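User: I would like to learn how to read the contacts between parts of a protein model. Could we go through them step by step?

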Amino acid sequence: MATIKPSGYSKHRKKQTYTRRLGTRATPMQMLFSERVGGMGALILVIACLPLLLSNNYQYDVAITMGINAIVVVGLNLLVGYAGQVSLGHAGFFALGAYASAILTTRYGLHGALALPAGALGVGVLAYLIARPILRLSGHYLAMATLGVGVIIHIVLDREAWLTGGPDGMYVPTIEVAGVPLYGGAIWYWIVAAVLILTVWLALNLIDSPIGRALRGLHGAEVAAEVAGVDTTHYKVMVFVISAVLASVAGSLSAHFSEFVTPDSASFFHSILFVTMVVFGGMASTFGALIGAALLTLLPQLLADFSGYEQMILGLIMMLVMIVMPRGLLPTLVGLARRRQREARS
Amino acid sequence: MPPVLVELLQFLFSGLASGAIYALVALGFALIYNASHIINFAQGEFVMLGGMVTWVLLSQGIDLPLAILGAVAVTMVAGLALEKLAIERARDANVVTLIIITVGAGIFLRGLTSVTLGKDLHALPAFSGNAPIDIAGATLMPQSLWILGVTAAIVVALHVFFHYTVVGKAILAASHNPLAARLVGINVNVVLLLSFGLSALLGAVAGILIAPITATHFEVGIMLGLKGFAAAILGGLGSGPGAIVGGLLLGVIESLGAGYISSDYKDAIAFVVILGVLFLMPRGLFGKRGTERV
Amino acid sequence: MSLLRVEGLGIHFGGVQAIEDLDFTIEAGTIHSIIGPNGAGKTTLFNLITGVYRPSAGTILLDDTPIAGRKPHDLARMGLSRTFQNLRIMMNMSALDNVMVGRHLHLNRNLLACLLRLPPVTRGDRAARKLCTELMDLVGLSAYRDADAGSLPYGALKRLEIARALAAEPRLLLLDEPAAGLNAQETREIDEVIVKVARSGVTVVLVEHDMKLVMGLSDHILVLDHGRTLAEGTPEAVRNNPAVVAAYLGTV
């Protein structure tokens with residue numbers, strides 16, 4: 001067998017100068033540009049200022065949907081972007097979370113604040129049970145299996161009308177906290193914002209930890225990670241469950257915010273939409289995921305004016321962006337900026 | 001024959017007919033996968049285009065055989081364009097990116113069809129009437145015979161093409177070892193283009209054959225595409241015989257499941273079976289096994 | 001008690017018997033080389049010992065504990081570490097992070113602690129970063145501390161493999177052709193690193209084609225041919241073994 005040069009080898013041989021001494025603390029300037037400090041700061045700033053631009057309920061709805069999608073996508077990015085495991089079925093977990101909240105509150109009188117964690121727990125257990133056999137698969141076989149899980153969930157939600165209301169979906173009552181109904185964009189904006197900020201913070205922490213390196217490592221060279229002591233199956237299962245739970249939480253939030261759920265939230269295309277958000281913004285980039293979620297939530301709204309043509313344009317944009325920027329928006333832009341910087345220096 | 005057996009035979013007939021359709025779609029997946037390791041999620045849209053374009057040509061007063069030829073041609077143009085304009089420019093992208101490109105292409109084709117041909121449901125006339133044929137008490141529609149016959153003919157034609165023609169052998173060679181194929185002068189891009197054209201043809205034929213039974217619609221390709229993918233995976237990705245067996249098996253299991261268990265869950269059964277098989281055989285029924293070299 | 005004992009080991013792939021009825025022992029604190037022509041089964045043997053492959057026959061004992069068939073990550077926990085002949089570098093990570101993955105077992109991997117970035121995690125990471133940087137210095141990668149693994153030249157990647165394996169602080173280190181593709185200067189540096197590692201008490205098993213390196217370093221040499229033992233002993237004994245000279249060294 002021929003010796004295969006590692007991919008990426010010989011592309012840029014130039015030694016890179018390093019800016020940060022290792023084992024030391026970062027300077028304030030470097031912290032400003034780091035993801036955890038600078039990135040989180042920017043995110044909080046954007047979230048805090050955005051309401052100044054929102055003038056009506058519709059705009060609040062779009063902003064909140066962005067936030068809900070972003071929660072799913074940040075989680076999915078851990079699985080797809082960092083650990084390199086494809087899932088074409090995460091809308092199923094999103095929908096299960098939504099229906100858990102809807103069913104537990106309407107049919108069993110549980111409070112929404114309890115229904116959400118209950119749903120998340122249920123989805124977590126389900127994800128844990130199917131993760132082991134599913135994650136033995138790789139590549140397109142994994143894509144098929146996750147797709148299958150999503151489709152099965154979709155069909156069950158659609159058919160079990162006695163419980164789920166069937167294809168027409170079901171209403172979800174307004175949550176009340178201490179007698180105050182949680183209703184309207186202004187309230188939900190801040191609820192979703194808080195959950196999103198927490199999610200991003202947890203995700204950034206996880207990525208920059210031994211677990212995060214194990215996930216990236218098993219993506220980059222699975223045998224090498226195994227040999228280094230990484231129980232790759234364990235970590236694949238772990239990140240699968242985490243991403244499913246985040247999808248479930250987002251689903252619950254969506255159910256309570258929109259006060260309505262339909263089986264279509266579990267559809268194959270909803271799953272594809274989530275994955276597209278991950279890839280659009282840039283795989284293995286949490287802030288890329290946020291940008292992807294925001295753009296692809298906004299896009300259909302902008303296209304709504306092109307009555308009839310919105311599908312065509314959406315499909316075209318998906319293809320174009322992926323052809324021109326196969327690595328996604330943020331990594332491509334960062335790469336361009338770096339190259340410009342390097343050229344300027346030399 | 002006892003009614004129980006007649007019923008079983010009936011389920012088998014309908015299962016084999018839809019299974020043959022799945023097999024054709026699965027063969028389309030396998031062809032493109034072999035040439036490029038890409039899963040073409042727009043495969044279902046080829047099926048849809050076949051049916052829809054045949055319908056629109058028929059409605060313009062064109063004869064059925066000519067309409068079919070026209071529909072196949074239009075679908076093949078779509079397949080070739082997809083390869084030339086999108087896939088060829090993104091060959092080096094990773095699996096997920098390529099999936100999104102083909103899904104995007106599918107959305108685009110659906111949108112294009114709904115804008116130009118409308119969103120209504122259309123039935124094609126059966127090729128040779130609707131007089132049911134009685135076999136041991138079970139009925140078989142002439143269209144089912146058409147499906148089985150045409151599928152069998154295509155399978156034979158593909159076999160001859162891949163094993164006895166220079167072009168077919170070149171495609172096979174390129175799928176086994178692209179680098180070696182390039183070294184002996186096979187143009188891998190042309191092979192890729194051919195495989196998309198051929199897959200589009202298979203999809204269109206499947207769509208035309210099934211349209212008299214299930215009617216056609218701009219979204220009919222979604223489920224058929226997913227089932228075809230499932231059949232290809234069931235047989236083992238990239239295996240021609242696997243795709244055929246996977247398709248037929250899926251059709252029969254689905255039909256039996258719908259008949260004996262629950263017709264509500266007809267579509268789910270296929271995916272439950274797929275998951276079960278993958279859990280036991282992670283590379284499908286006929287997929288390549290082997291130890292990864294380290 | 002030997003550190004590693006292999007008895008009647010065999011594996012076949014389809015009809016090909018890659019390793020057949022192999023016996024040998026490795027004593028703690030030695031440098032043990034495995035040589036033989038291409039296709040003799042050297043890498044396969046590494047894959048068997050480190051749990052990447054499951055043997056079809058025989059036993060492998062680490063400290064008298066049978067380990068055949070155990071998962072690689074379990075064996076890593078027991079003190080095994082290795083490099084790969086066909087590089088297995090995580091190209092999606094920085095060079096330093098590659099080494100940090102090697103440190104995995106020594107770090108706090110509690111999910112909650114990692115999610116909340118509790119002090120034990122940050123403290124452990126900081127210490128690990130320092131240690132891994134030192135390991136990179138040791139193998140001569142100081143220039144690449146912050147570089148992406150994908151931007152390293154071939155010779156540097158070989159050393160990165162060694163640094164990653166060392167980060168686990170193994171008791172038994174298996175090096176698969178560490179000097180292949182390196183120039184004379186780089187080979188000398190690798191030679192020094194191996195000696196340094198062995199002196200620190202790590203048992204080293206080496207697969208290598210560079211005979212000068214092997215003869216100079218090894219306490220014990222095992223010669224494989226077609227998956228079987230052709231000869232075994234000190235470098236002196238192996239060098240003078242007629243079978244080895246005929247089958248292997250004679251053809252060089």
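Reading two interfaces

Analyst: Between domain 1 of chain C and domain 2 of chain C there are 2 salt bridges, a salt bridge being a side-chain nitrogen of Lys or Arg within 4 Å of a carboxyl oxygen of Asp or Glu. One such pair is C:Arg159 with C:Glu189, whose closest N and O atoms are 2.8 Å apart. This is a predicted model, in which local features need pLDDT of at least 70 and side-chain atom pairs count only at pLDDT 80 or more, while totals for chains, interfaces and linings use all residues. Residues are numbered from 1 along each chain as its sequence is written, chains are lettered from A and ligands numbered from 1 in the order in which they are written, and side-chain values use heavy atoms, with hydrogens and water left out.

User: Which residues make up domain 1 and domain 2 of chain C?

Analyst: Domain bounds come from an automatic or database domain assignment. For chain C, the assignment gives 1-79 + 172-252 as domain 1 and 86-169 as domain 2. Contact means heavy atoms within 4.5 Å, and here it takes 16 residues from domain 1 of chain C and 11 residues from domain 2 of chain C.

User: How should I read the area buried between domain 1 of chain C and domain 2 of chain C?

Analyst: Buried area is the accessible area (1.4 Å probe) that two parts lose on being put together, summed over both. For these two domains of chain C the value is about 1,100 Å², with 72% given by carbon and sulfur atoms.

User: How many residues of chain A and of chain C are in contact with each other?

Analyst: The contact joins 46 residues of chain A to 52 residues of chain C, and the two chains bury about 4,300 Å² between them, 61% of it on carbon and sulfur atoms. The rule finds 3 salt bridges across the interface of chain A and chain C, including the one in which the side chains of C:Arg117 and A:Asp208 meet at 3.7 Å, N to O.

User: Which elements of chain A give two or more residues to the side that touches chain C?

Analyst: Helices (H or I, at least four residues) are DSSP runs, numbered from the N terminus. On the side of chain A that touches chain C, those giving two or more residues are H8 (185-207), H9 (210-220), H10 (222-227) and H11 (232-258) of chain A, and H9(A) gives the most, with 8 residues.
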